[in-house]
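I opened a new model today and kept notes as I went. The plan was to go from single residues out to the whole chain.

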Amino acid sequence: MAQSVKGTRDLFGNDVRWFQHIEESARRVFHRHGYEEIRTPILEEIEVFKRSVGESSDIVHKEMYDFMDKGNRHVVMRPENTAGVVRAAIQHKLLINNDPRLLFYVGPQFRYERMQAGRYRQFWQIGAESFGVATPESEAESLLLLFEFLHELGLKHLQLSINSVGTSECRPAFHAAIRAFFEARQERFCADCHRRIQENPLRVLDCKVPGCQEALEGHPLITDHLDEASRAHHERLKALLSAMDIPFVENPRLVRGLDYYSRTAFEVLSSDLGAQSALLGGGRYDGLVKQLGGPDTPAFGWAIGLDRLAILMQALHGDAPVQAPAVLIPLGDAATLKAFELVRQWWAQGCRVQLETRNANLKKAMTSANRLGAGMALLLGDGELEKGVLTAKNLSTGTQEEWLLEDVAAKLRA
RNA sequence: GCGGCUGUAGUUCAGUUGGUUAGAGCACUGGAUUGUGAUUCCAGGUGUCGAGGGUUCGAGUCCCUUCAGCCGCCCCA
């Protein structure tokens, strides 16, 4: 029997209901804030990611779904969506004046990784990207949007961690400080950290090995090495978040796995997600647009895991709310013709009605209406036709009554 | 990419030191009831024991390979 490809899954029933619920919330909030949706291709040329996410990142050097297509192009199924959005924004000249440009996306992403709970090879992200504005105010707006969204979903008590990773001007000095600190006690660090200190020294800071965390005691703080502009930026963002009552903690060891971040970096973890605890992450990426060949454009954004949001929603609220339609069951040829006429009117008025089209006996029709979870069964036979009514049976209480045909639409919507 | 565990009906699971025809609850199908579901009663097992190979007189059970899932590492959403 054919099976879905390893690491991919079919979404249906309760899962897809949660996905829809989450996406609808997101779209509502994005539209309120003036964000426009953008949909970029799943396939991108490999260079888009090598030049943005960074060759030293795990995403690029071990997790990409890449292949040669029939035209001998080296393509990748996108492992994240920011690089593609930036590529598209440059290609279509959306960023030429450095006007604010607010974009969001919802879509599947692909990383070739070992399966684990909450980690799939095809997973979904919702993301927000804010282009053209370098201020901490634009970051506060984006984070406020994010927390409005989380609040609409009923998710509270999530802890926002923030840090500043500085800029390309002040980072070299910090790298030097970290290297000096590392070399003085290198025998205490794990093998991975020895690799990281060469490739991306910041990543030593968030090594999960307990020994490394202990060895990091007293490590130089990037916040002590920020230049004046970055330090002021960071302080201003913290003041704005406090003023907006968005709770956060400062985590000087927070480093993100993508190379393009500058200044603000942040993430939210959840203890309800097991080992794959990252729910969302983001930050400022002022150099990326230029790096990919566009105008020098500041930018800030985040991405949240839809699959993991759905896990949290299920844990917090149980099954997704479901509104099953009423079922109209016609009995006999004359009633069937009349039923088509009726449902067309009801549908036009926005009523949720499913038409029984099997010409089956009533018992069978009632049985499947019940299994479907329908609230109402609407029976239309010759007797009802003559009187201009139908028999409406409430399937949860078992009571039934006659409704005038002209009243049905109003009663269904009540 | 590394380590550990699991896989039996639609589903949740049982199945003894390897031993006859692989079982149970729920679900499902038919009937009691051809204009009434859910509830009740009666009847029905619906299976390539994940797949392939091996050991054996004999394999759901032991061995190897493989596929899939779960848990952890790495990483991240």
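Predicted model: local features only at pLDDT ≥ 70, side-chain atom pairs only at ≥ 80, totals over all residues.

**Cysteines.** I looked up cysteine 170. Its relative accessible area is 8%, so I logged cysteine 170 as buried. Cysteine 351 went into the buried column too, because its relative accessibility is 7%. I then searched for disulfides and found 0 in the structure.

**Serine 138.** Is serine 138 buried or exposed? At 8% relative accessibility it falls under the cut-off, so I count serine 138 as buried. I placed serine 138 in helix H5, which covers residues 136-152. Next I asked which residues serine 138 touches, leaving aside neighbours within four places in sequence. I listed Ser130, Val133 and Arg284. With arginine 284 there is also a polar contact: the two side chains are joined at 3.2 Å.

**Cores.** I turned to the nonpolar residues. In soluble globular proteins, nonpolar side chains tend to be buried together. I found that the largest nonpolar core here has 50 residues. Phe49, Val86, Phe131, Phe189 and Cys193 have the most contacts inside this core. Which helix gives the core its largest share? I noted helix H4, residues 82-91, with 6 residues.

**Whole chain.** I counted the secondary structure of chain A: 15 helices and 16 strands. The radius of gyration of chain A is 28 Å, well over the 22 Å that the globule rule gives for 414 residues, so I noted chain A as more spread out than a compact globule. Along the principal axes, I read a C-alpha span of about 95 × 50 × 45 Å.

How much of chain A is buried? I recorded 49% of the 414 residues. The accessible surface of chain A is about 20,500 Å², and carbon and sulfur atoms account for 50% of that. Last, I checked contacts between residues at least 6 apart in sequence; 70% of these join residues at least 24 apart.

Methods. Residues numbered from 1 in each chain as written. Chains lettered and ligands numbered in written order. Heavy atoms only, no water. Core = buried A, V, L, I, M, F, W, Y, C linked by side-chain atoms within 4.5 Å. Buried < 20%, exposed > 50% of the residue type's maximum accessible area, 1.4 Å probe, protein only. Helix = DSSP H or I, 4+ residues; strand = E, 2+ residues; numbered from the N terminus. Polar contact = N/O pair within 3.5 Å; in protein donor to acceptor, adjacent residues only side chain to side chain. Contact = heavy atoms within 4.5 Å. Rg over C-alpha atoms; globule rule 2.2 N^0.38 Å. Areas by Shrake-Rupley, 256 points an atom, 1.4 Å probe, with all protein chains shown as cover. Disulfide = S-S within 2.5 Å.
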